[in-house]
Amino acid sequence: MFDYIIIGAGSAGCVLANRLSEDPNVKVLLLEAGGRDWHPFVHMPAGLAKIAGMTSINWNYTTVPQPQLNDRVIWVPRGKLLGGSSSINAMCYIRGVPADYDEWAGRGAEGWQWQNVLPYFRKSECNERGEDALHGGDGPLSVSDLRHINPLTRVFIEAGQQAGLRLNADFNGAQQEGVGLYQVTQRDGARCSAAVGYLNPAKSRPNLTIRTHAQVNRITFEHGRANGVVCSVRGQGFHFEAAREVILSGGAINSPQLLMLSGIGPADTLRGLGIDVVHDASSVGENLQDHLDVTTLQHCRQPISYDRTSELKTAIQYFFGGHQGPGTSNVAEGAGFFRSHLAPDARADIQLHFIPAMIDDHGRHRLPGDGYTMHACNLRPRSRGRVTLVSNRANDKPRIDPNYLGDAEGFDLQVMVECAKLSLDIFAQPAFAPYRGEFIFPPQTPKTEADWIDFVRARAETVYHPVGTCRMGSDAAAVVDPQLRVQGVAGLRVVDASVMPNLPGGNTNAPTIMIAERAAEMILSSD
Ligand SMILES: Cc1cc2nc3c(=O)[nH]c(=O)nc-3n(C[C@H](O)[C@H](O)[C@H](O)COP(=O)(O)OP(=O)(O)OC[C@H]3O[C@@H](n4cnc5c(N)ncnc54)[C@H](O)[C@@H]3O)c2cc1C
């Protein structure tokens, strides 16, 4: 018997495990389907290129064919180990802008406006530049400047300025727009995942039990109250009981899947799959949003990209040289936030990740030679998709349909075309002249609007930020209320990226950690 059971040791689950177990009288159980984060390439930042394809630490999902992307199936990586996706992500530390959170509140997430969430961003953060009105200086999540910067990234920053963007030293500061370097979730040149930042300092507490290889198959209920979970630990079945609450932190794909497997979802569909209905909630799994991204690649005429950097030398320098050199790079070094002519308000609508290497198929396909890659994504897509069940078996992967570019007005497609045009515009600036080689993707500059659209449909893919499938709101259809309690039952909350009403304008790790920091206070003060 535990007080709290947390399902999933990802970005949110690790924060909760730490904060809830700070009180020695509270017994916490953290269940993680994956294993420990022991692999050295999880911790060496540049190792992310190597771990991208490791199926043992990745749920390795795919979407259903996407009609607006030439019926392509899109890979959806999700971390399956301690730290969850924060153990495999690109470490870019971005929060979005204040208006994103004011928009959440305006959509029914009462109490989640910027002035309410800023203290939790600050609480979580330990920025090596120190504390100020916007940044924290002593939180568990270390945020650092990059130790190693490829010369091509400096070229990108110069070219961005030549294209009209201002130089920005802090994308989480007073202004988001501009071009510059990402700050990264790293400590001493190593990845600072949620497991490193939050779980490691708490894991020896006697009141915190951590079980890995423990996949929760179902949440159990008694008289409408969640009272435990049915879990398979290395193939053996267990029923763990929770005296106070069950907290679901499985992420934007697995949390709605597990709610539905537990009987919370669209009643008719669940009955059709042979699942006993606990609460009819048609919104579970709906409202899936993701940052669609288009990558533009060119060859580099000088051998300075990371493509030919010796992996062995890099690893030796990193592991035996005090965490120095290219091994400390998150590879996605260069940042840009741009407000296109399509932006409906004052916020930037396009984000850039510049990579001084050729990234094809998420880095799983190596191209010969040297080159550089621009990722450009639409920050506020209007398309909405869904996660649904295919069966009542927990081991069957859910059906993921992000419905990319599916908005009725075709607005998202227009923004993606702007993303591709901006990328090529920056590559065409004088700063790139000494380096610019052959075009790769696209093979030449698209000539007509139809060519640009073809390029987007053929190349766009996820930049890994699914959210929104257990939407928080104040309306009856919302999956969770603003206290993150699942509506229609007692004793159950969802705390992870799935509760976001809509995407913030940037990467989603820091916002998820903020949500969990705030949720922990809500949970402890609700007793
Ligand atoms: C490749 C990649 C690159 C990214 N790059 C960045 C970046 O640079 N910057 C950034 O801010 N964000 C980035 N993100 C996004 C960010 O990491 C995620 O938004 C964030 O980690 C989501 O946190 P979460 O707690 O919602 O889910 P997760 O961190 O995914 O955690 C969910 C956890 O629950 C576990 N789990 C799921 N189901 C069960 C079950 N049934 N039983 C037990 N355990 C279960 C999972 O194994 C996992 O550990 C990236 C993501 C990926 C995948």
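Reader: What covers the buried residues of α12?
Author: The cover includes β17 (292-300), α11, β23 (436-441) and β24 (461-462). Helices (H or I, at least four residues) and strands (E, at least two) are DSSP runs, numbered from the N terminus.

Reader: Which residues of α12 are buried?
Author: Trp452, Phe455, Val456, Arg457 and Arg459. Buried means under 20% relative accessible area, exposed means over 50%, and partly exposed is in between (1.4 Å probe, protein chains only).

Reader: Before more of that, where do the values come from?
Author: This is a predicted model, where local features need pLDDT of at least 70, side-chain atom pairs count only at pLDDT 80 or more, and totals for chains, interfaces and linings use all residues. Residues are numbered from 1 along each chain as its sequence is written, and side-chain values use heavy atoms, with hydrogens and water left out.

Reader: What pLDDT does the chain average?
Author: The average is 97, and 100% of the residues score at least 70. pLDDT is the predictor's confidence in each residue, from 0 to 100.

Reader: Which elements have the lowest and highest mean pLDDT?
Author: α3 has the lowest, at 90. Helix α1 (residues 11-20) has the highest, at 99.

Reader: Back to α12. At what angle do α11 and α12 pack?
Author: About 95 degrees, with the axes 9 Å apart. α11 covers residues 411-427 and α12 covers residues 449-459. Axes are lines fitted to C-alpha atoms, for helices over the stretch in contact, and angles run from 0 to 180 degrees between N-to-C directions.

Reader: What do we call that arrangement of α11 and α12?
Author: The two helices are roughly perpendicular to each other. Under 35 degrees counts as roughly parallel, over 145 as roughly antiparallel, 65 to 115 as roughly perpendicular and the rest as oblique.

Reader: Which residues of α11 and α12 make the contact?
Author: From α11, they are Leu413, Met416, Val417, Ala420, Lys421 and Leu424. From α12, they are Glu449, Trp452, Ile453, Phe455, Val456 and Arg457. Contact means heavy atoms within 4.5 Å.

Reader: How does the contact of α11 with α12 split by class?
Author: Nine residues are nonpolar, none is polar and three are charged. Ala, Val, Leu, Ile, Met, Phe, Trp, Tyr, Cys and Pro count as nonpolar, Asp, Glu, Lys and Arg as charged, and the others, Gly among them, as polar.

Reader: New topic. How many salt bridges does the structure hold?
Author: It holds 25. A salt bridge is a side-chain nitrogen of Lys or Arg within 4 Å of a carboxyl oxygen of Asp or Glu.

Reader: Which residue does Arg347 meet in a salt bridge?
Author: Asp100, at 2.9 Å, N to O. Arg347 lies in the loop between β18 (334-338) and β19 (350-355) and Asp100 in helix α4 (residues 98-106), so the pair ties together parts that are 247 residues apart in sequence.

Reader: Are Arg347 and Asp100 buried or exposed?
Author: Arg347 counts as buried, at 12% relative accessibility. Asp100 also counts as buried, at 0%.

Reader: Which residues are linked in a network of salt bridges?
Author: Asp100, Glu103, Arg107, Asp345, Arg347 and Arg380.

Reader: And what about Lys50 and Glu311?
Author: Their side chains meet in a salt bridge, 3.1 Å from N to O. Lys50 is in helix α3 (residues 48-51) and Glu311 in helix α10 (residues 311-320), 261 residues apart. Lys50 is partly exposed at 41%, and Glu311 is partly exposed at 45%.
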